[in-house]
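Thanks, everyone. Please have a look at the model first.

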Amino acid sequence: MPASDFRLPLECAGWLRRRPTRLAHSCHLQFKTDQSIYTAMTRQSAMQLPRGRPRGFDTEAAVERAMGVFWSRGYHGTALPDLLRATKLSRGSLYAAFGDKHALFLRALDRYIADALARMDVELGPRHAPVDGLRTFLAGYVERTSGASGRRGCLLVATAMELAGHDGDVEGRIGGFFKAMEARLASALARAKAAGELAAGIEPASAARILVCFVEGLRVVGKTGPARTASQATADALLDRFIR
């Protein structure tokens with residue numbers, strides 16, 4: 001066979017010997033490219049993932065549980081781990097949802113105040129006779145200042161004693177609550193006066209202020225466990241001074 005007949009097979013053999021190296025080099029480049037793309041995608045995904053638990057929890061329920069802790073321990077006596085256990089939130093989720101301990105406390109205080117005012121709107125609202133509403137209002141405070149509830153005390157009163165002189169946000173809320181309570185009582189007393197049910201010389205605004213001082217003082221006295229009958233008798237005696 002002529003030598004030229006062997007040229008093509010020999011050239012093919014050389015190409016085949018060099019092919020694995022080229023293939024390996026090509027695969028290496030492709031792997032490095034794929035690896036770079038994967039690394040970039042991984043970094044991008046990590047940057048896009050939110051921190052902490054997604055906002056899938058009930059915010060109001062968490063506020064209510066935190067309110068219970070603050071109510072039992074006071075503001076300064078409540079530590080972050082206490083709030084995390086009560087709300088069942090991670091540190092990141094709690095801060096993401098509420099900001100910090102102080103902001104969460106203000107949310108809890110707002111919730112407590114809103115509940116109290118809503119209750120007064122039912123008790124003292126125009127759907128009830130004014131004197132009946134006042135008696136219901138006072139009876140509710142007697143109930144809440146008796147037994148275990150009385151010994152637990154009032155979050156608002158405890159907060160006023162602890163923080164009102166040092167925290168403007170708290171002081172404003174507590175002052176606003178007392179004014180709102182006084183306004184509701186004054187309105188009920190004004191309706192009683194218009195109906196001829198107030199005693200002579202009783203002015204609704206002054207009587208409302210006295211009632212606010214009485215019920216908040218009752219919350220303090222309730223910490224000592226007074227007899228419910230004694231508290232109710234005192235509330236009745238005070239209201240009887242205002243009505244005919």
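Start with helix 2 and helix 5: their axes come within 9 Å and cross at roughly 95 degrees. Axes here are lines fitted to C-alpha atoms, for helices over the stretch in contact, and angles run from 0 to 180 degrees between N-to-C directions. Helices are DSSP runs (H or I, at least four residues), numbered from the N terminus. So helix 2 is roughly perpendicular to helix 5. On that scale, under 35 degrees is roughly parallel, over 145 roughly antiparallel, 65 to 115 roughly perpendicular, and the rest oblique.

A word on the source: this is a predicted model, where local features need pLDDT of at least 70, side-chain atom pairs count only at pLDDT 80 or more, and totals for chains, interfaces and linings use all residues. Residues are numbered from 1 along each chain as its sequence is written, and side-chain values use heavy atoms, with hydrogens and water left out.

Back to the axes of helix 2, residues 59-73, and helix 3, residues 80-87. These come within 9 Å and cross at roughly 135 degrees. That makes helix 2 oblique to helix 3. Who makes the contact, meaning heavy atoms within 4.5 Å? Helix 2 brings Ala 62, Arg 65, Ala 66, Val 69, Phe 70 and Arg 73, and helix 3 brings Asp 82, Leu 83, Ala 86 and Thr 87. By class, that is 6 nonpolar, 1 polar and 3 charged. The classes: Ala, Val, Leu, Ile, Met, Phe, Trp, Tyr, Cys and Pro are nonpolar, Asp, Glu, Lys and Arg charged, and the others, Gly among them, polar.

Stay on helix 3. How many of its 8 residues are buried? The count is 6, so the helix is mostly covered. Buried means under 20% relative accessible area, exposed over 50%, and partly exposed in between, with a 1.4 Å probe and protein chains only. The buried ones are Leu 80, Asp 82, Leu 83, Leu 84, Ala 86 and Thr 87. They pack against helix 2, helix 4 (91-98) and helix 5 (101-124). Just past the end of helix 3, Lys 88 has a positive phi of about 60 degrees.

Last, the cysteines. Is Cys 154 buried or exposed? Cys 154 is buried, because its relative accessibility is 7%. Cys 213 sits at 55%, so Cys 213 is exposed. Taking a disulfide as a pair of cysteine sulfur atoms within 2.5 Å, the count is 0.

Conventions: Helices (H or I, at least four residues) and strands (E, at least two) are DSSP runs, numbered from the N terminus. Contact means heavy atoms within 4.5 Å.
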